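Please walk me through this structure, from its side-chain pairs to its sheet and its cores. A plain account in paragraphs will do.

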Amino acid sequence: MNDYESVIIIRPNLDEVEIEGIITKITDLINQNGEVTKVDKMGVKRLAYEISKCKEGYYIVIYFEADPSIISELERNYRINENIIKFITIRKDD
């Protein structure tokens, strides 16, 4: 299993319940084939450039261990969710 870090930017106009729902859905998907070690909610920050008509975004960083095969499914779910405006998943070196 490899260590990964996934940064997600969510639309800033969502309330706390909707944000928690997105986080729960993602962490449940990761926990099926891996383990979430930490979720860091960074809050609303100004974006460097406008994305999907948003000038701000709610940043979330998820640290997890998983098999490489889950990354494509995870990113597919990010693309499907219309409230996620940007994301990146990277493998952390040891």
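E73 and R76 sit three residues apart in helix 2, about one turn of the helix. Helices (H or I, at least four residues) and strands (E, at least two) are DSSP runs numbered from the N terminus. The side chains of E73 and R76 form a salt bridge, 2.9 Å from N to O; the term stands for a side-chain nitrogen of Lys or Arg within 4 Å of a carboxyl oxygen of Asp or Glu. E73 is partly exposed at 30% relative accessible area, and R76 is partly exposed at 41%. Here buried means under 20% relative accessible area, exposed over 50%, and partly exposed in between (1.4 Å probe, protein chains only).

The model is predicted, so local features need pLDDT of at least 70 and side-chain atom pairs count only at pLDDT 80 or more, while totals for chains, interfaces and linings use all residues. Residues are numbered from 1 along each chain as its sequence is written, and side-chain values use heavy atoms, with hydrogens and water left out.

Two salt bridges are found in a search of the whole structure. K41 is partly exposed, with a relative accessible area of 37%, and E20 is partly exposed at 29%.

The strands make up an open sheet of four, in the order 2-3-1-4, with antiparallel pairing. Two strands count as paired if DSSP finds at least two bridges between them. Strand 2 (34–51) and strand 4 (84–91) are the edges, each pairing on one side only. On average, neighbouring strands of this sheet are turned by 20 degrees against each other, direction ignored. Such angles run from 0 to 180 degrees between N-to-C directions, and the axes are lines fitted to C-alpha atoms, for helices over the stretch in contact.

Strand 2 is joined to strand 3 (residues 54–66) by 12 bridges, the two running antiparallel. Within this pairing, R46 has E56 in strand 3 as its bridge partner. Helix 1 (residues 16–33) packs on the sheet and touches strand 1 (2–10), strand 2, strand 3 and strand 4; its direction makes about 135 degrees with that of strand 2. Contact means heavy atoms within 4.5 Å. Helix 2 (residues 70–80) lies across strand 1, strand 3 and strand 4, and runs at about 165 degrees to strand 4.

Strand 1 is mostly covered, with seven of its nine residues buried. Nine bridges connect strand 1 with strand 3, antiparallel, and seven connect strand 1 with strand 4, also antiparallel. S6 takes part on both sides: I62 in strand 3 stands opposite S6, and T89 is the bridge partner of S6 in strand 4.

Which residues touch the most other members of the largest nonpolar core? They are I10, I26, I62 and F64, out of 21 residues in this core. A nonpolar core is a set of buried Ala, Val, Leu, Ile, Met, Phe, Trp, Tyr and Cys residues joined through side-chain atoms within 4.5 Å. Strand 1, helix 1, strand 3 and helix 2 are the elements that give two or more residues to this core. Helix 1 supplies the largest share, six residues. A second, separate core of six residues includes I9, L47, I51 and Y59.

Setting aside neighbours within four places in sequence, F64 is in contact with residues including Y4, S6, I30, I71, L74 and T89. F64 is buried, with a relative accessible area of 1%, and Y4 is buried at 7%.

The whole structure holds two aromatic pairs. Rings of Phe, Tyr and Trp (its six-membered ring) pair if their centres lie within 6.5 Å; planes under 30 degrees apart count as stacked, over 60 as edge-to-face and the rest as tilted. The rings of Y4 and F64 have centres 5.5 Å apart and planes at 25 degrees, so this pair is stacked. Y4 lies in strand 1 and F64 in strand 3, so the pair ties together parts that are 60 residues apart in sequence. The rings of Y78 and F87 have centres 5.0 Å apart and planes at 55 degrees, so the pair is tilted. Y78 is buried at 1% relative accessibility, whereas F87 is partly exposed at 24%.
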